[in-house]
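Welcome! Please take a look at the sequence and structure below, and then we will walk through them together.

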Amino acid sequence: SYFPAKDKGPDRSLGILKDGYNFARKRLQKQHLDVYETKLLGERAALLGGEKGAELFYDNDKMKRGGAMPAFILKTLFGENGIQTMDGNPFEHRKRLFLSLMTPEALDRLFQITVEHWERASEVWEKKRKVVLYKEMLTLLMKVSCEWAGVPLKDKEVKKRADDFALMIDGFGSIGPKHLQSRKARQRSEQWFENLILDVREGKLEAQEGTAIFEMAMHRDLNGNHLDARMAAIELLNIVRPTVAVSKFITFGALAMEEFPGEKEKVAGSEDYLYYFAQEVRRFYPFVPYLPARTKKEFAWQGYNFSEGQLVLIDVYGNNHDPRIWEEPETFNPERFRNWNGGLFDLIPQGGGDYEKNHRCPGEWSTLEILKASFQYMARHLEYKLPKQDLSYSLNKMPALPKDGFIMKSVKKK
Ligand code: HEM
């Protein structure tokens, strides 16, 4: 059928690698569109954007996740057959397990644990000539995450385990040796957690009710069976790994406090502002670029004919910078969240829609707790100087990060 908004000609898989976060945006937003057809991984793919595009992406009558995520991502970042790939009743049952971990008490505990680890780490940093914040955050949040989830982690294994997590988080999109390292890091991490799940089930490892390790080990599926130990390990990793990945937002937040005058003081001074600032960091900075789904059936939408089983991508970064949704989207302005209505399809750095029915990230609340604890600590209790370094980041490189990882020197606790 004839639909004008599409790429004609060759496959654009290399184009998306080259344009990164801008690939969909420059097609959709330039023409004020919610859907645009391109060719990716040898398929006719529909790019979706805008609030309407996001709403369609999260319409369970039309979209599913099974068969959507490319294997190279499942074998590194997410794990095979985990919650990200599930649909229907089994999905909703599994999702309730994840959401049950996010009680107000558990979130308070996470805030407290995060502050304690900032205090300990900053004492160590005082004795160092310089520290790279992103690297420090990977180990700090590895400790926080394991403590919160009930996973035992010895001091001497922190570095090895954190290195594997960094490989899963940063290496999945690479081509060549780093991609293979990322796969091996996943295999090692799954094995580590599988042994722990078995230890909990056999009573060899004590675990508190309500912690991720306990709930993953004891969960029963819709048929009343425990999860296969490997599956439970993959889902436990789906809690611990993204908690460590919050490192990226912390690094970007540190950059914002540096680059935008007055932010640090306002973050230090007000709890409300602290929350707006954390939200704006999640909106403004590049993290997740796109998310995939597949159509369940054939249908027409905004003049475009979707075919059954068609690959669909939502433009996550694009929506967070869409001028139809945000006033002056390229301005860093936490104040915009003072009167924000909390739409389901506007702020979508961690997915959109409904927590229970859709794949929206169940870790949004825990991410915010970690960010609030971290930004408040940095703004109130940490003094540091920045040596000459490259703080820039590129929208053409996925996943993005300030080039030198935010190097600090002469760190002092106050
Ligand atoms: C799902 C982003 C932190 C656990 C997602 C999705 C995104 C996302 C984009 C997919 C949404 C969709 O498919 O529609 C992020 C980012 C984070 C973060 C940028 C910041 C570092 C966390 C944390 C946790 C977590 C801290 C756990 C404590 C999960 C899980 C899913 C998920 C289990 C799968 C949910 C499902 O399939 O229903 N996240 N997340 N995430 N996230 Fe996060």
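Which helices each supply at least two residues of the shell around the ligand?

## Around the ligand

They are helix 5 (88-99), helix 11 (229-245) and helix 16 (364-381); helices here are DSSP runs of H or I with at least four residues, strands are runs of E with at least two, and both are numbered from the N terminus. Helix 11 gives the most, with 5 residues.

The ligand is surrounded by 25 residues, and the closest are Pro242, Gly351, His359, Cys361 and Gly363. A residue is counted as near if its C-beta atom, placed from the backbone, lies within 6 Å.

## About the model

This is a predicted model: local features need pLDDT of at least 70, side-chain atom pairs count only at pLDDT 80 or more, and totals for chains, interfaces and linings use all residues. Residues are numbered from 1 along each chain as its sequence is written.

## The overall fold

The protein has 16 helices and 10 strands. Its C-alpha trace spans about 65 × 55 × 45 Å along the principal axes.

Of its 414 residues, 42% count as buried, meaning that 20 or more other C-beta atoms, placed from the backbone, lie within 10 Å of the residue's own.

## The nonpolar cores

A nonpolar core is a set of buried Ala, Val, Leu, Ile, Met, Phe, Trp, Tyr and Cys residues joined through C-beta atoms within 7 Å. In the largest, of 78 residues, Leu138, Ala149, Ile197, Ile213, Leu236 and Leu371 touch the most other members. Helix 7 (residues 133-149) gives the most to this core, with 11 residues. Apart from it lies another core of 30 residues, including Tyr36 and Leu291.

Definitions and conventions
A residue is buried if 20 or more other C-beta atoms lie within 10 Å of its own, exposed if 12 or fewer, and partly exposed in between; C-beta atoms are placed from the backbone.
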